Amino acid sequence: MPSARAWGRGVRGWLAEASDAVVSIFFPAACRICDQLLVRASRVRFCEDCMDSFEGPPEKKCGICGQGLAWMTVEEREPLVCRACKQKTYAFERARSYGVYEGPLVRAILLLKWERMEPLGDWFAGRLAEMVRQESGQLATDVVVPVPLHRDRERQRGYNQASLISKSLARKLGLPHKAVLLMRTRPRPDKQVLTLQERWESVRGAFATRPGSQVDNKRVLLVDDVMTLGRRLMHVRRRCWRRVRSLY
Ligand SMILES: [Zn+2]
Ligand SMILES: [Zn+2]
(Lines give C-alpha, C1' and ligand atoms only; values in the text may rest on other atoms or scores of the structure.)
(Ligands and ions follow the chains in the order given, each with its own letter.)
Protein backbone atom coordinates (compact mmCIF):
# COMPACT_ATOMS: atom_id res chain seq x y z
CA MET A 1 0.00 0.00 0.00
CA PRO A 2 1.42 3.42 -0.85
CA SER A 3 1.77 5.74 2.14
CA ALA A 4 -0.65 8.66 2.46
CA ARG A 5 2.15 11.04 1.59
CA ALA A 6 3.16 9.10 -1.57
CA TRP A 7 -0.49 8.89 -2.54
CA GLY A 8 -0.82 12.67 -2.03
CA ARG A 9 2.22 13.23 -4.21
CA GLY A 10 0.74 10.95 -6.87
CA VAL A 11 -2.52 12.86 -6.87
CA ARG A 12 -0.75 16.20 -6.97
CA GLY A 13 1.38 14.96 -9.92
CA TRP A 14 -1.73 13.74 -11.72
CA LEU A 15 -3.54 17.02 -11.08
CA ALA A 16 -0.55 18.99 -12.33
CA GLU A 17 -0.46 16.89 -15.53
CA ALA A 18 -4.20 17.19 -15.99
CA SER A 19 -4.06 20.96 -15.58
CA ASP A 20 -1.09 21.11 -18.01
CA ALA A 21 -3.19 19.20 -20.54
CA VAL A 22 -6.13 21.57 -20.11
CA VAL A 23 -3.83 24.56 -20.48
CA SER A 24 -2.30 23.16 -23.67
CA ILE A 25 -5.72 22.56 -25.27
CA PHE A 26 -7.10 25.99 -24.53
CA PHE A 27 -3.95 28.08 -24.61
CA PRO A 28 -1.56 26.55 -27.15
CA ALA A 29 1.90 27.97 -26.45
CA ALA A 30 5.16 28.03 -28.36
CA CYS A 31 8.50 26.84 -27.05
CA ARG A 32 10.33 29.86 -25.63
CA ILE A 33 13.53 28.75 -27.32
CA CYS A 34 12.66 27.57 -30.85
CA ASP A 35 9.02 28.77 -31.25
CA GLN A 36 7.79 25.26 -32.08
CA LEU A 37 4.22 24.77 -30.84
CA LEU A 38 4.22 22.83 -27.56
CA VAL A 39 2.43 19.49 -27.72
CA ARG A 40 2.08 19.40 -23.96
CA ALA A 41 2.37 22.28 -21.59
CA SER A 42 5.30 22.34 -19.25
CA ARG A 43 6.07 24.77 -16.45
CA VAL A 44 9.30 25.83 -18.16
CA ARG A 45 7.65 26.17 -21.59
CA PHE A 46 10.41 24.48 -23.57
CA CYS A 47 9.77 21.74 -26.12
CA GLU A 48 11.24 18.30 -25.63
CA ASP A 49 13.71 18.76 -28.53
CA CYS A 50 15.20 21.82 -26.83
CA MET A 51 15.31 20.14 -23.43
CA ASP A 52 17.02 17.10 -24.94
CA SER A 53 19.61 19.33 -26.59
CA PHE A 54 20.85 20.67 -23.23
CA GLU A 55 24.09 18.87 -22.68
CA GLY A 56 24.28 17.62 -19.14
CA PRO A 57 27.49 17.51 -17.10
CA PRO A 58 30.46 15.87 -18.86
CA GLU A 59 31.21 12.31 -17.85
CA LYS A 60 34.94 12.81 -17.89
CA LYS A 61 35.69 15.97 -15.97
CA CYS A 62 38.23 17.63 -13.71
CA GLY A 63 37.52 16.45 -10.17
CA ILE A 64 38.04 19.99 -8.86
CA CYS A 65 36.64 22.59 -11.29
CA GLY A 66 34.33 20.18 -13.14
CA GLN A 67 35.32 21.23 -16.68
CA GLY A 68 35.06 18.52 -19.35
CA LEU A 69 38.30 16.67 -20.05
CA ALA A 70 37.15 14.23 -22.72
CA TRP A 71 40.51 14.45 -24.49
CA MET A 72 42.56 13.56 -21.44
CA THR A 73 43.98 10.09 -21.00
CA VAL A 74 45.20 9.12 -17.60
CA GLU A 75 45.86 6.00 -15.62
CA GLU A 76 42.75 4.28 -14.34
CA ARG A 77 42.02 5.10 -10.69
CA GLU A 78 43.99 8.35 -10.86
CA PRO A 79 41.59 11.27 -10.29
CA LEU A 80 41.37 13.65 -13.28
CA VAL A 81 42.69 17.12 -12.53
CA CYS A 82 43.10 19.87 -15.17
CA ARG A 83 46.21 21.98 -15.51
CA ALA A 84 44.68 25.10 -13.88
CA CYS A 85 43.65 23.07 -10.83
CA LYS A 86 47.06 21.40 -10.58
CA GLN A 87 48.47 24.92 -10.34
CA LYS A 88 45.91 25.70 -7.63
CA THR A 89 44.45 28.58 -9.66
CA TYR A 90 41.06 28.73 -7.97
CA ALA A 91 40.01 29.62 -4.45
CA PHE A 92 37.10 27.17 -4.34
CA GLU A 93 37.37 23.57 -3.23
CA ARG A 94 35.11 22.16 -5.94
CA ALA A 95 32.99 23.58 -8.76
CA ARG A 96 30.36 21.82 -10.82
CA SER A 97 28.15 23.02 -13.66
CA TYR A 98 25.03 21.54 -15.15
CA GLY A 99 25.97 22.09 -18.79
CA VAL A 100 28.06 23.95 -21.34
CA TYR A 101 26.92 27.52 -22.05
CA GLU A 102 26.11 27.11 -25.74
CA GLY A 103 23.16 26.45 -28.07
CA PRO A 104 19.65 26.44 -26.57
CA LEU A 105 21.04 26.54 -23.03
CA VAL A 106 22.21 30.13 -23.66
CA ARG A 107 18.65 31.15 -24.51
CA ALA A 108 17.36 29.38 -21.39
CA ILE A 109 19.83 31.25 -19.17
CA LEU A 110 18.89 34.57 -20.79
CA LEU A 111 15.22 33.87 -20.09
CA LEU A 112 16.09 33.20 -16.48
CA LYS A 113 18.09 36.39 -16.34
CA TRP A 114 15.70 38.81 -18.02
CA GLU A 115 12.22 37.33 -17.60
CA ARG A 116 12.34 36.01 -14.06
CA MET A 117 11.29 32.50 -15.07
CA GLU A 118 10.99 31.01 -11.61
CA PRO A 119 9.89 27.54 -12.79
CA LEU A 120 13.08 27.45 -14.88
CA GLY A 121 15.19 28.33 -11.81
CA ASP A 122 13.46 25.48 -10.02
CA TRP A 123 14.19 23.15 -12.95
CA PHE A 124 17.92 23.98 -12.92
CA ALA A 125 17.93 23.59 -9.13
CA GLY A 126 16.54 20.06 -9.57
CA ARG A 127 19.41 19.10 -11.90
CA LEU A 128 22.01 20.63 -9.58
CA ALA A 129 20.50 18.91 -6.54
CA GLU A 130 20.94 15.57 -8.34
CA MET A 131 24.61 16.39 -8.90
CA VAL A 132 25.12 17.32 -5.26
CA ARG A 133 23.48 14.10 -4.10
CA GLN A 134 25.61 12.03 -6.49
CA GLU A 135 28.77 13.56 -5.03
CA SER A 136 27.49 14.01 -1.52
CA GLY A 137 30.91 13.33 0.02
CA GLN A 138 32.78 15.89 -2.07
CA LEU A 139 30.04 18.52 -2.13
CA ALA A 140 28.81 18.34 1.47
CA THR A 141 27.71 21.82 2.49
CA ASP A 142 26.37 23.85 5.44
CA VAL A 143 24.78 26.79 3.65
CA VAL A 144 23.67 27.81 0.13
CA VAL A 145 24.52 31.33 -1.07
CA PRO A 146 23.73 33.03 -4.41
CA VAL A 147 26.42 35.15 -6.07
CA PRO A 148 25.03 38.64 -5.42
CA LEU A 149 24.17 41.42 -7.84
CA HIS A 150 25.10 44.96 -6.86
CA ARG A 151 22.16 46.42 -4.90
CA ASP A 152 21.47 49.11 -7.57
CA ARG A 153 21.32 46.42 -10.26
CA GLU A 154 19.08 44.22 -8.15
CA ARG A 155 16.74 47.16 -7.47
CA GLN A 156 16.56 47.88 -11.22
CA ARG A 157 15.90 44.28 -12.20
CA GLY A 158 13.79 43.46 -9.17
CA TYR A 159 15.50 40.15 -8.48
CA ASN A 160 18.80 38.27 -8.61
CA GLN A 161 18.71 35.48 -11.18
CA ALA A 162 21.20 33.36 -9.18
CA SER A 163 18.73 33.31 -6.26
CA LEU A 164 16.04 31.88 -8.54
CA ILE A 165 18.23 28.76 -8.60
CA SER A 166 19.88 28.87 -5.15
CA LYS A 167 16.68 29.30 -3.13
CA SER A 168 15.04 26.28 -4.68
CA LEU A 169 18.28 24.28 -4.48
CA ALA A 170 18.60 24.97 -0.73
CA ARG A 171 15.01 23.80 -0.24
CA LYS A 172 15.59 20.61 -2.21
CA LEU A 173 18.76 19.85 -0.22
CA GLY A 174 17.19 20.81 3.14
CA LEU A 175 19.89 23.45 3.77
CA PRO A 176 19.70 27.07 4.95
CA HIS A 177 19.67 29.70 2.18
CA LYS A 178 21.59 32.88 3.01
CA ALA A 179 20.85 35.42 0.29
CA VAL A 180 22.64 38.28 2.06
CA LEU A 181 25.82 36.63 3.28
CA LEU A 182 27.86 38.08 0.44
CA MET A 183 27.56 41.47 -1.24
CA ARG A 184 28.80 43.03 -4.42
CA THR A 185 30.56 46.31 -3.69
CA ARG A 186 30.86 47.48 -7.31
CA PRO A 187 28.32 46.88 -10.11
CA ARG A 188 29.23 45.03 -13.27
CA PRO A 189 29.79 47.39 -16.24
CA ASP A 190 26.64 48.14 -18.24
CA LYS A 191 27.94 46.64 -21.50
CA GLN A 192 26.08 43.45 -22.43
CA VAL A 193 29.10 41.47 -23.61
CA LEU A 194 32.40 41.82 -21.81
CA THR A 195 35.77 40.63 -23.05
CA LEU A 196 37.58 38.22 -20.78
CA GLN A 197 39.86 41.03 -19.63
CA GLU A 198 36.90 43.34 -18.85
CA ARG A 199 35.17 40.53 -17.03
CA TRP A 200 38.29 39.88 -15.00
CA GLU A 201 38.55 43.55 -14.08
CA SER A 202 34.85 43.75 -13.22
CA VAL A 203 35.14 41.10 -10.52
CA ARG A 204 38.51 42.01 -9.03
CA GLY A 205 37.79 42.96 -5.42
CA ALA A 206 34.08 43.37 -6.21
CA PHE A 207 32.73 40.97 -3.57
CA ALA A 208 32.81 41.15 0.20
CA THR A 209 31.28 39.31 3.12
CA ARG A 210 28.53 41.36 4.70
CA PRO A 211 29.77 42.70 8.06
CA GLY A 212 28.71 40.52 10.93
CA SER A 213 28.14 37.39 8.82
CA GLN A 214 29.20 34.18 10.49
CA VAL A 215 31.08 32.18 7.87
CA ASP A 216 34.10 30.80 9.70
CA ASN A 217 34.54 27.10 9.07
CA LYS A 218 31.23 26.93 7.22
CA ARG A 219 31.14 24.94 4.01
CA VAL A 220 29.53 27.32 1.55
CA LEU A 221 27.78 26.32 -1.66
CA LEU A 222 27.93 29.35 -3.94
CA VAL A 223 25.45 29.38 -6.84
CA ASP A 224 25.54 31.41 -10.06
CA ASP A 225 23.83 31.19 -13.44
CA VAL A 226 27.02 31.17 -15.52
CA MET A 227 30.59 30.31 -14.61
CA THR A 228 33.31 32.09 -16.54
CA LEU A 229 36.26 29.76 -16.19
CA GLY A 230 35.84 30.02 -12.44
CA ARG A 231 37.80 33.24 -12.37
CA ARG A 232 35.34 35.37 -10.50
CA LEU A 233 35.74 33.14 -7.49
CA MET A 234 39.44 33.74 -7.33
CA HIS A 235 38.62 37.19 -6.08
CA VAL A 236 36.43 36.15 -3.21
CA ARG A 237 38.81 36.60 -0.33
CA ARG A 238 40.37 33.31 0.57
CA ARG A 239 40.48 33.91 4.29
CA CYS A 240 36.72 34.45 4.44
CA TRP A 241 35.81 31.46 2.35
CA ARG A 242 37.76 28.49 3.54
CA ARG A 243 35.58 25.83 2.11
CA VAL A 244 33.71 26.96 -0.93
CA ARG A 245 31.87 24.65 -3.26
CA SER A 246 30.32 26.25 -6.33
CA LEU A 247 27.50 25.31 -8.62
CA TYR A 248 26.44 26.80 -11.93
ZN1 LIG B 1 12.05 24.22 -28.57
ZN1 LIG C 1 40.10 21.82 -13.01
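**Fold, core and local geometry of the predicted model**

Thr-228 is located in the loop that connects β5 with β6 (243-247); helices (H or I, at least four residues) and strands (E, at least two) are DSSP runs numbered from the N terminus. Thr-228 is partly exposed, with 15 other C-beta atoms within 10 Å. A residue is termed buried if 20 or more other C-beta atoms lie within 10 Å of its own, exposed if 12 or fewer, and partly exposed in between, with C-beta atoms placed from the backbone. Between Thr-228 and Arg-199 there are 29 residues of separation in sequence and 8.7 Å in space, C-alpha to C-alpha.

The structure is a predicted model, in which local features need pLDDT of at least 70 and side-chain atom pairs count only at pLDDT 80 or more, while totals for chains, interfaces and linings use all residues. Residues are numbered from 1 along each chain as its sequence is written, and chains are lettered from A and ligands numbered from 1 in the order in which they are written. The average pLDDT of the protein chain, where pLDDT is the predictor's confidence in each residue from 0 to 100, is 78, and 77% of the residues score at least 70. Over residues 230-242 the pLDDT is below 50, and this stretch has 29 contacts in the model beyond near neighbours in sequence. Two residues are in contact if their C-beta atoms, placed from the backbone, lie within 7 Å.

The protein chain contains eight helices and six strands. Read from the N terminus, the order of elements is α-α-α-β-α-α-β-α-α-β-α-β-β-β. Of the 248 residues in the protein chain, 27% are buried. Among contacts between residues at least 6 apart in sequence, 63% join residues at least 24 apart.

The largest nonpolar core has 33 residues, of which Ile-165 and Val-223 touch the most other members. Such a core is a set of buried Ala, Val, Leu, Ile, Met, Phe, Trp, Tyr and Cys residues joined through C-beta atoms within 7 Å. Two or more residues of this core are given by each of α4 (104-115), α5 (118-134), β2 (143-146), α7 (161-173) and β5 (219-223). The largest share, six residues, comes from α5. At least three residues are drawn from each of domain 1 (15-51) and domain 2 (54-247), the bounds being those of an automatic or database domain assignment. A second, separate core of five residues includes Ile-64, Cys-65, Ala-95 and Met-227.

Helix α5 has 17 residues and spans 25 Å from its first C-alpha to its last, close to the 24 Å expected at 1.5 Å a residue; the expected span is 1.5 Å times one less than the number of residues. Its buried residues are Leu-120, Gly-121, Trp-123, Phe-124, Ala-125, Leu-128 and Val-132. Asp-122, also in α5, is partly exposed, with 18 other C-beta atoms within 10 Å. Asp-122 and Lys-172 are 50 residues apart in sequence, and their C-alpha atoms are 9.5 Å apart in space.

Helix α7 has 13 residues and reaches 19 Å between its first and last C-alpha, close to the 18 Å expected. Ten of the 13 residues are buried, and α7 is thus mostly covered. The buried residues of α7 pack against α4, α5, β2 and β5. One of these buried residues is Ile-165, which touches Gly-121, Phe-124, Ala-125, Leu-128, Val-223 and Asp-225, not counting residues up to four places away in sequence. After α7 comes Gly-174, with a positive phi near 65 degrees.

Strand β5 is largely enclosed by the rest of the structure, because four of its five residues are buried. β5 pairs with β2 in the parallel sense over four bridges, pairing being assigned if DSSP finds at least two bridges between two strands. Val-145 stands opposite Leu-222 in β5.

Most residues other than glycine have a negative phi. Asp-35 has a positive value, near 70 degrees, and lies in the loop between α1 (4-26) and α2 (48-53). With 8 C-beta neighbours inside 10 Å, Asp-35 counts as exposed. Arg-45, in the loop between α1 and α2, has a positive phi of about 55 degrees although it is not a glycine. Arg-45 counts as partly exposed, with 17 C-beta neighbours inside 10 Å.
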